[in-house]
Amino acid sequence: MKTFIPLVPLTKSAFSPFGEVVSWEGAAPFDINQGFARRCNGLAEIDVMTGGGLTNISLFVANPRPNPFRVEVMERHPDGSQLFFPLQERPWLVLVCADPRDPGSYRAFRASGREGVNYARNTWHHPLLVLDPESRFFV
């Protein structure tokens, strides 16, 4: 049985049941480094509290999947959150669900490329879905 999941814009309110949208929108940046850079604190709450976890920083380089694609795997991380932030302004996709066995619980978001997501602990999500080859992400 094929189920088509409507694609909606990624907004803070629409994504809040699954984690945080990470962006400068609504933040309060301030000048640093003698005015040659801007800094914005508190964009996401990284959750690594379970089991004495540590923060791991990675760089992912991803390529598009065939379109249309079949959802064959969803994953979640019971010990902490996971943040994905694009390093280029390229649209990309976010696919989450409450229960992988329930097609009605799936939600698909189109990110503009100017924001990332921080999946809350235990949030079911699809591995990285990009639209352009060689898309780089801070994870």
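Analyst: Ala, Val, Leu, Ile, Met, Phe, Trp, Tyr, Cys and Pro count as nonpolar, Asp, Glu, Lys and Arg as charged, and the others as polar. These classes are applied below to a predicted model.

User: How many cavities of 30 Å³ or more does a search of the whole structure find?

Analyst: The search finds one. The volume of this largest cavity is about 50 Å³.

User: What makes a space a cavity, not a pocket?

Analyst: A 1.4 Å probe fits in a cavity but cannot get out, whereas a pocket is open.

User: Which residues line the largest cavity, and how do they divide by class?

Analyst: The lining is made up of Phe84, Trp92, Leu93, Val94, Leu95, Tyr119, His125, His126, Pro127, Leu128 and Leu129. Nine of the lining residues are nonpolar, two are polar and none is charged.

User: What is the volume of the largest pocket, and which residues are closest to its centre?

Analyst: The largest pocket has a volume of about 970 Å³. It is lined by 27 residues, and Thr3, Ile5, Phe69, Arg70 and Val71 are the closest to its centre. By class, 19 of the lining residues are nonpolar, three polar and five charged. Arg is on the charged list, so Arg70 is a charged residue of this lining. β7, β8 (106-111) and β11 (129-130) each supply at least two residues, with the largest share, three residues, coming from β7.

User: How is the lining of the second largest pocket made up by class?

Analyst: There are 13 nonpolar, nine polar and two charged residues in that lining. The pocket has a volume of about 530 Å³. Of its 24 lining residues, Ile46, Thr55, Asn56, Leu83 and Val139 lie nearest the centre.

User: What makes a group of residues a nonpolar core, and which residues have the most contacts inside the largest one?

Analyst: The members must be buried and joined through side-chain atoms within 4.5 Å. The largest core here has 17 residues, and Phe15, Phe84, Trp92, Val94 and Val117 have the most contacts inside it. Two or more of its residues come from each of β7, β8 and β9 (116-119). The largest share, three residues, is from β7. Apart from this core lies another of eight residues, including Met74, Leu93, Cys97 and Trp124.

User: What is Phe84 in contact with, leaving aside neighbours within four places in sequence?

Analyst: Phe84 is in contact with Phe60, Trp92, Gly116, Val117, Tyr119, Leu128, Phe137, Phe138 and Val139.

User: Why does Ser105 count as buried?

Analyst: Its relative accessibility is 11%. Buried means under 20%, so Ser105 counts as buried. Ser105 lies in the loop between β7 and β8.

User: How do you know which atoms pass the distance limit for a polar contact with the side chain of Ser105?

Analyst: The limit is 3.5 Å between N or O atoms. A polar side-chain atom of Ser105 lies 3.4 Å from the backbone nitrogen of Ala98 and one lies 3.0 Å from the backbone oxygen of Asp99. Both distances are therefore within the limit. Beyond four places in sequence, Ser105 touches Val96, Cys97, Ala98 and Asp99.

Technical notes:
Residues numbered from 1 in each chain as written. Predicted model: local features only at pLDDT ≥ 70, side-chain atom pairs only at ≥ 80, totals over all residues. Heavy atoms only, no water. 1 Å grid on protein atoms, 1.4 Å probe; cavity = no way out; pocket = protein on both sides within 12 Å on 5 of 7 lines; lining within 4 Å. Points joined across faces, edges and corners; volume = space filled by probe spheres on them. Helix = DSSP H or I, 4+ residues; strand = E, 2+ residues; numbered from the N terminus. Buried < 20%, exposed > 50% of the residue type's maximum accessible area, 1.4 Å probe, protein only. Contact = heavy atoms within 4.5 Å. Polar contact = N/O pair within 3.5 Å; in protein donor to acceptor, adjacent residues only side chain to side chain.
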